[in-house]
Each structure stands twice: as C-alpha cells, then as structure tokens.
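Open the model in your viewer and keep the sequence panel beside it. This tour goes stop by stop: what to select, and what is there.

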Amino acid sequence: MITAGVSRRYAKAIFGLAVDTGAEETIGRELQSFSDLVAGSPLGAVLNNPTYPLATRKNVLTQVTRALQSSPLLVRFVSLLLAHRRLNSLTDIARQYKTLLNQAKGRIEARVLGATPLDPKTLDRVRAKLEQISRKEVLLQSETDPELIAGLVIELEAKTYDGSVRAYLEALTDRIEHGN
C-alpha cells in the first residue's frame, strides 16, 4: 500500500494531464469505474499478483481497457501503475482525483441520513440550504438509517449536524444519568 501523499501525487499527475486535454470529468468517471471494477475482484487479484509475469498482466489490462473503451490517457496511467506495482492503490488515487476535481469545479460532497428514504423535494431543500451555507455546489448523497427514529443527520465538509431523535434521546439519557 502506498501513503496518502504518494496517492495524492499520482492523482495530481493524472488530473493535470486530464485538465490539459479538457477531459477531467471523463477521466474522473473512467478512473472511478476502473477502480470499482478492480477493487476486490478476481481481475484485481490477477493484476496485482506478481507471480504472473508483468507481460501477462499488461496483456490482461490492455484487453480489459479495450473492452471498456477507455481513453488512451487512462490506459497509459493504469499501465504505469501496474508497471510500478501501484495498481492496488487505485481506489485511493481515484478518491484523491475526485477531491481534486470537486475542488476545481467548486463542488463539495455531502451526505444526508434519514430514518426513511427522503423524497426528492426534501432532498432539493436540503441541497439548497447546504449550498447556501457552503457557497458551493453540493453533491448530495442520501442514505437511510432506521435507528435514527426520525430527523436527519447531515455530514458536510468534515462536520456532522445531528438533528435525529436518536441523538436527542441519547443526550437526554446522558443528562438524566449525570444529573445535568
């Protein structure tokens, strides 16, 4: 496994090349798709297995990227990772790339958890409020957690806003137990 710093340098390198060709969104999607395909799959096990000759692994990589119709930039990049035994860090590199892309485009990611699935109208209101707070475009991911009972938990820029009934009940229990 490589360090976050090395992963970030690889992400910056491919991001810079993607920006130069105006394909940063496309490369981001391809990088994420390829990362998802390789992560924890038999394909990833083969490509990361040094007992197979490098030429064989490159041939497999070439066939897969050809079948996926990957861009030449992505093919060269993952080939470089394979040659330098860094392909096992593709998930971290893809994550770093996504962060760079979102920063460049003025976007941030947020996550909202509800006890039940949120309707599109509610999600739009939450997104609008988060965009007002952050002054950035918000890419909102919605999830459900029945243990919340009711209310919402929102994660935005490493901050958590917990307005769930579960959190309220936990705080109430704590105050009762400690006499506050």
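One term is needed at once: a residue counts as exposed when its relative accessible area is over 50%, as buried when that value is under 20%, and as partly exposed in between. Keep in mind that this is a predicted model.

**Stop 1: a surface patch**

Select Ile-149. Ile-149 sits in the loop between β2 and β3. Is Ile-149 buried or exposed? Its relative accessible area is 52%, so Ile-149 is exposed, since the cut-off is over 50%. Check the backbone too. Phi of Ile-149 is positive, about 75°, although the residue is not a glycine.

Together with Ile-149 they form a nonpolar surface patch with about 320 Å² of accessible area. Tyr-168 belongs to helix α8, residues 165-178. Tyr-168 also has a relative accessible area of 52% and is exposed.

**Stop 2: another positive phi**

Go to Arg-85, in the loop between α5 and α6. Here phi is near 55°, again positive in a residue other than glycine. Arg-85 is exposed, at 62% relative accessibility.

**Stop 3**

Nonpolar side chains tend to be buried together in soluble globular proteins. Where does that show up here? Select Phe-34, Leu-47, Phe-77, Leu-87 and Tyr-97. These residues have the most contacts inside the largest nonpolar core, which has 28 residues. Colour the helices next. At least two core residues come from each of α1 (4-21), α2 (24-38), α3 (42-47), α4, α5 (72-83) and α6 (90-105).

Then look for the second core. This separate core has eleven residues, among them Leu-130, Val-138, Ile-154 and Leu-156.

Return to Tyr-97 and show its surroundings. Which residues does Tyr-97 contact, leaving aside neighbours within four places in sequence? The list is Ala-11, Ile-14, Phe-15, Ala-18, Ala-23, Glu-24, Ile-27, Gly-28 and Leu-31.

**Stop 3: Thr-65**

Select Thr-65 in helix α4, residues 54-67. Thr-65 is buried: its relative accessible area is 3%. Follow the side chain. It reaches the backbone oxygen of Thr-62 at 3.1 Å. With residues up to four places away in sequence not counted, Thr-65 touches Phe-34, Ser-70, Val-75 and Val-78.

**Stop 4: Leu-17**

Move to Leu-17 in helix α1. Leu-17 is partly exposed, with a relative accessible area of 45%.

**Stop 5: salt bridges**

How many salt bridges does a search of the whole structure find? The search finds nine.

Begin with Glu-25 and Arg-107. Their closest N and O atoms are 3.0 Å apart. The pair links distant parts of the chain: Glu-25 is in helix α2 and Arg-107 in strand β1 (residues 107-114), 82 residues apart. Glu-25 is partly exposed, at 28% relative accessibility. Arg-107 is buried, at 14% relative accessible area.

Next, select Glu-143 and Arg-111. Their side chains meet in a salt bridge at 2.9 Å, N to O. Glu-143 is in strand β2 (residues 137-144) and Arg-111 in strand β1, so the pair ties together parts 32 residues apart in sequence. Glu-143 is partly exposed, at 24% relative accessibility. Arg-111 is partly exposed, at 24% as well.

Last, take Arg-166 and Glu-147. In this salt bridge the closest N and O atoms are 4.0 Å apart. Arg-166 lies in helix α8, while Glu-147 is in the loop between β2 and β3 (151-156), so the pair ties together parts 19 residues apart in sequence. Arg-166 is partly exposed, with a relative accessible area of 25%. Glu-147 is exposed, at 58% relative accessibility.

Methods. Residues are numbered from 1 along each chain as its sequence is written. This is a predicted model: local features need pLDDT of at least 70, side-chain atom pairs count only at pLDDT 80 or more; totals for chains, interfaces and linings use all residues. Side-chain values use heavy atoms; hydrogens and water are left out. Patches are made of residues with over 30% relative accessible area and no salt bridge: like charges are joined within 9 Å, nonpolar side chains (Val, Leu, Ile, Met, Phe, Trp, Tyr) within 5 Å. Accessible areas come from the Shrake-Rupley method with a 1.4 Å probe; for residues, only the protein chains shown count as cover. Helices (H or I, at least four residues) and strands (E, at least two) are DSSP runs, numbered from the N terminus. Buried means under 20% relative accessible area, exposed over 50%, partly exposed in between (1.4 Å probe, protein chains only). A polar contact is a pair of N or O atoms within 3.5 Å; within protein, one must be able to donate a hydrogen and the other to accept it, and residues adjacent in sequence count only if both atoms are side-chain atoms. Contact means heavy atoms within 4.5 Å. A nonpolar core is a set of buried Ala, Val, Leu, Ile, Met, Phe, Trp, Tyr and Cys residues joined through side-chain atoms within 4.5 Å.
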